[in-house]
Amino acid sequence: MNARASGWAAALALLFAAAPASANPGVFSIDAMQRVVDLSDAAIAPDGSQIALVTSQADLAHNAYRDRLWTYDLKARRLRLVDSARSSYAAPAWAPAGGSLAVIAGDAATHADQLFLIASGGKIRRLTSASTDVEAFAWRPDGAVIAFVRREETPVRRGSAAYEDAFEVTDNDYLATDAPRPSHLWTVDLRTGVQRRLTRGTWSVADDTISWSPDGRRLSYLRAPNAIHGVDDRTAAFVLDVATGTSQALTPHSDYEDQPLFSPDGSRTLYLYPSDGNPAGALTAMTVDAGDRNDRDAARDLDRHVEDATWMPDGALLLKVYDVTAGPLYIQPLDGPARRVPLGDVVDAQIGTQAAARNGTIAFVGTPADRPNELYASLPGAPQPQRLTNFNAAAAQLRLGNVTTVRWDSPEGFHEAGVLTFPPGYVAGRQYPLVLRIHGGPTETSEAFFEPFYQLAAAHGYLVFAPNYRGSSNLGNAFESAIFNDASVGPGKDVMAGVEAVERLGIVDSTRICVSGWSYGGQLTSWMIGHYQVWKCAVTGAAVNDLVVDYTIADDIDAARLAFDDSPFVGNELPAWQRQSPITYFKDIRTPLLMLGNVYDVRVPIVEQYEMYHALRDNGVPVRFFAYPSAGHLPRGPVRLGDAYRRWLAWFDRYLKG
């Protein structure tokens, strides 16, 4: 449910990588989707000469995604394949002096993600070999040592001891089979290969950003009380003295912190924190002075949800935020107003910690409205960025639906915005069926960029509306935090106000409207069909139908805890949780519903879908329910994902075209 932890916006983009072919040639179809290449993890060398990046593409024969590691030479304007022999690549990072590249990659020999070093000449060397994954790493400023995060290995038990396996249940999910082991900090010396453990304890290093101070004496990291995902809201930034092994808190806070990163001169540390310390609020960029723990909100005046942040070479901050229906970049000086980075036709930009070179060049993965993402570079003073790759040229040549932003006011006076995608070949004056795709999170944002589901549904002849409701991360702190104690009612009103705004355009056949969504989007879809009788059909995926059950057995108890004043089992809180749960209103649902879910999903346990299925079936409501025998929050692999979308769109077609 919690979009911050999950980072699952990228996973959703891949969710749409296989879908039914359209009868209309030249529009977005299954063949085009299977060719889409997803780019990620752009990292620019300190001298600005090269950019590393990862690409991923569907391998349908193995129901998997295959990664490749590339570099782009900015001077020669040449793309080079570095490696494709491993199953996955993540977080490539250049050595401080450039040349060498380190990366986390899947290793067949150990069946785990290991740390690899790629020399400037191309020679590849594995640096780690434990049975557990390397989760994050950082180069020491002298380039001689790399610090990394690795989960502790499970001790091997033999004989009868192998069955002494009871574990204490606390905030773990209901499918856990043992207590998760904590992650800790290590270093590896690149000359000798010697590894040194730096931290120990039952607490855990969060698999997030770790950062060296410029003098190489200290490491910043995130500490969680244990390794259970459900306590991810309790992460706090710490600084480790590498020589002594002692750690101290970096800030005055004890939780809700993220992405600590030393400044280029070591005088400050950047980290993300909820505005005004309100855990339901938008994330903002904080800086704390070295030594005195005095911190300040560097992006308060910007008042936008900060998704990612890093340092510019001059000590300003580079921020990726969400704004209305876009994901732009801002440069935020520590004193003074933020300025928006010119992005040309790019609607959304993704950055990492190595996004900015010493010469001020910014490397990012960007997505415009009319093609899938590509690699871009923004040069200092340039009026717009340069697109450097052309992986998705074929998709860009298709007849796509135009994408625009629709604005409206909510009943409570919020100025809201959503995304409307038109069918390819849209004819002015005609009225079209409307389908809704409600985003998850709830702290995510529907953006007016190339989104595969929007284009696929548009190719079926539908107007596709993706509303942003209160709780979304696109309009600042007040809007995002307005969902607190209002998990369904207020957001439902916002969605209906958005539908009315689209209808006022005079282009909607109001007798043919369907609503759909995944995760929290599924929750809101279930809510909408129980409270507004305007829908021809509905589709939910991994819907949060019962907030009490979700709190009790899901893996993200932190997200549920931040949505209400307290646990449903404390005081008189239970009625408030039940009032906001879609399952409470099952008797009011008459809309034909298709339900999709994952058997081993612990983010939204499938038992919540079983509840809704039997409630509707037993009352004669048309309902079908398909479950995929895989783990994860989405059906695992492109084949299963493709099947989910074939069923999803066929359900629309059945009720809107039948």
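Q: How many disulfides does a search of the whole structure find?
A: The model is predicted, and the search covers the whole structure. The number of disulfides found is one.

Q: Which residues does the disulfide join, and what is the S to S distance?
A: A disulfide is a covalent bond between the sulfur atoms of two cysteines. Here the cysteines are C514 and C537. The pair links distant parts of the chain, with C514 in strand β34 and C537 in strand β35, 23 residues apart. The S to S distance between C514 and C537 is 2.1 Å.

Q: Is the disulfide of C514 and C537 right-handed or left-handed?
A: The handedness follows from the torsion about the S-S bond, which is about 115 degrees. The disulfide of C514 and C537 is therefore right-handed.

Q: Are C514 and C537 buried or exposed?
A: A residue counts as buried under 20% relative accessible area. C514 has a relative accessibility of 0%, and C537 has a relative accessible area of 0%. C514 is therefore buried, and C537 is likewise buried.

Q: Which residue caps the N-terminal end of helix α5?
A: Helix α5 spans residues 452-459, and eight of its eight residues are buried. Among them are F453, Y454 and L456. At the N-terminal end, a side-chain oxygen lies 2.7 Å from the backbone nitrogen of F453, and the residue that supplies this oxygen is E451.

Q: Which residue with a positive phi follows α5?
A: The phi of this residue is near 95 degrees. The residue that follows α5 is G461.

Q: Which residue in β2 is the bridge partner of I44?
A: Strand β1 (residues 38-44) is mostly covered, with six of its seven residues buried. β1 pairs with strand β2 (residues 50-59) in the antiparallel sense over five bridges. The bridge partner of I44 in β2 is I51.

Q: Which residue takes a positive phi in the hairpin of β1 and β2?
A: The hairpin has five residues between the strands. The positive phi is near 75 degrees, and the residue that takes it is G48.

Q: Which residue in β6 is the bridge partner of A93?
A: β5 and strand β6 run antiparallel and are joined by four bridges. The bridge partner of A93 is A102.

Q: With which side chain does the side chain of E307 make a polar contact?
A: E307 is placed in strand β22 (residues 306-311). Leaving aside neighbours within four places in sequence, E307 is in contact with residues including Q259, K320 and Y322. The polar contact of the E307 side chain, at 3.2 Å, is with the side chain of H305.

Note on methods: Residues are numbered from 1 along each chain as its sequence is written. This is a predicted model: local features need pLDDT of at least 70, side-chain atom pairs count only at pLDDT 80 or more; totals for chains, interfaces and linings use all residues. Side-chain values use heavy atoms; hydrogens and water are left out. A disulfide is a pair of cysteine sulfur atoms within 2.5 Å. Helices (H or I, at least four residues) and strands (E, at least two) are DSSP runs, numbered from the N terminus. Buried means under 20% relative accessible area, exposed over 50%, partly exposed in between (1.4 Å probe, protein chains only). Two strands pair if DSSP finds at least two bridges between them. A polar contact is a pair of N or O atoms within 3.5 Å; within protein, one must be able to donate a hydrogen and the other to accept it, and residues adjacent in sequence count only if both atoms are side-chain atoms. Contact means heavy atoms within 4.5 Å.
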